[in-house]
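Visitor: Please take a close look at the backbone geometry of this model and go through it residue by residue.

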Amino acid sequence: MVKMADGVPVIVYATKETHYKVTAEQIEAACTEKTKAVIINSPSNPTGMIYSRQELSAIADVAVRKDIYVVSDEMYENLVYDGEEQVSIASLGPEIYERTITCSGFSKGYAMTGWRLGYTGSSKDIAKLMGAIQSHATSNPNSIAQKAAEEALNGPQDSVEMMRQKFDERRKYMYNRVKDFPHVDVVEPKGAFYVFVDLTDALTKTYHGHPLYDGAEVARFLIEDYAVAVIPCGDFGFPNNIRLSYAISNEDIAKGLDRIESFLKELK
């Protein structure tokens with residue numbers, strides 16, 4: 001969660017105990033008279049967590065009361081599991097609707113990675129300001145990508161649901177395996193296609209005599225010795241964590257998890 005104060009982004013951290021979701025109370029406590037906006041991401045990259053309607057309502061109340069904007073990143077809105085509900089904070093009333101800038105795109109839910117096409121929803125005034133900046137920065141969308149996006153939104157959604165179900169199978173498999181691995185902890189993800197792994201216990205161990213300082217060190221040994229690529233999460237604010245993706249085949253997931261488990265069993 002990022003708030004803007006004095007024109008500088010300030011990060012407010014969630015915890016594993018809150019399932020990596022920032023609370024409305026944290027946001028309100030972090031706001032100053034110069035705070036302009038907060039950014040939320042649900043379903044979340046890298047944690048796979050989803051803000052509930054109740055949690056979003058509480059955040060909306062803070063935004064309205066403080067008269068600040070909410071930038072809502074909903075890129076993974078089509079990838080939700082276990083009967084969870086993906087709620088857009090802009091839908092929770094006219095006041096928060098006017099204060100929300102919704103961001104989404106086609107890379108995730110429509111598997112259009114590389115088409116470089118996204119979109120926002122906001123008031124006309126905000127859209128005009130964003131357009132003025134964007135027009136001097138980048139002009140990626142081409143006519144072919146736009147026609148493809150139109151078909152993605154307006155065409156049959158069967159393939160999207162088939163993909164979501166396949167992701168759900170992989171999610172369950174990955175989570176159920178990782179939660180039983182030694183020296184790690186994990187919260188079950190409810191959206192996107194990631195599993196967020198806490199290595200706090202593993203970092204108290206050594207690997208073949210080498211101390212493990214953070215998730216980046218674990219990622220280095222995994223790629224060098226086990227040919228497995230994971231994402232260290234220091235840049236997300238969680239240096240003790242790594243992110244696993246299940247946006248690959250079942251066979252590759254199983255092979256990768258076997259290798260990660262072998263690595264963890266080598267720790268002393």
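Guide: Aspartate 82 sits in the loop between β4 (69–73) and α3 (94–98). The model is a predicted one, in which local features need pLDDT of at least 70 and side-chain atom pairs count only at pLDDT 80 or more, while totals for chains, interfaces and linings use all residues. Residues are numbered from 1 along each chain as its sequence is written, and side-chain values use heavy atoms, with hydrogens and water left out.

Aspartate 82 is not a glycine, yet its phi is positive, at about 60°. Its relative accessibility is 37%, which makes aspartate 82 partly exposed; that term covers the range between buried (under 20% relative accessible area) and exposed (over 50%), with a 1.4 Å probe and protein chains only.

Histidine 19, also not a glycine, has a positive phi of about 55°. This residue belongs to the loop between β2 (8–11) and α1 (24–30). With a relative accessible area of 40%, histidine 19 is partly exposed.

Next come the peptide bonds. Proline 43 lies in the loop that runs between β3 (37–41) and α2 (53–66). The bond joining serine 42 to proline 43 is cis, and its omega is about -10°. Proline 46 is likewise placed in the loop between β3 and α2. From asparagine 45 to proline 46 the peptide bond is cis, with an omega near 25°.

Definitions and conventions. Helices (H or I, at least four residues) and strands (E, at least two) are DSSP runs, numbered from the N terminus.
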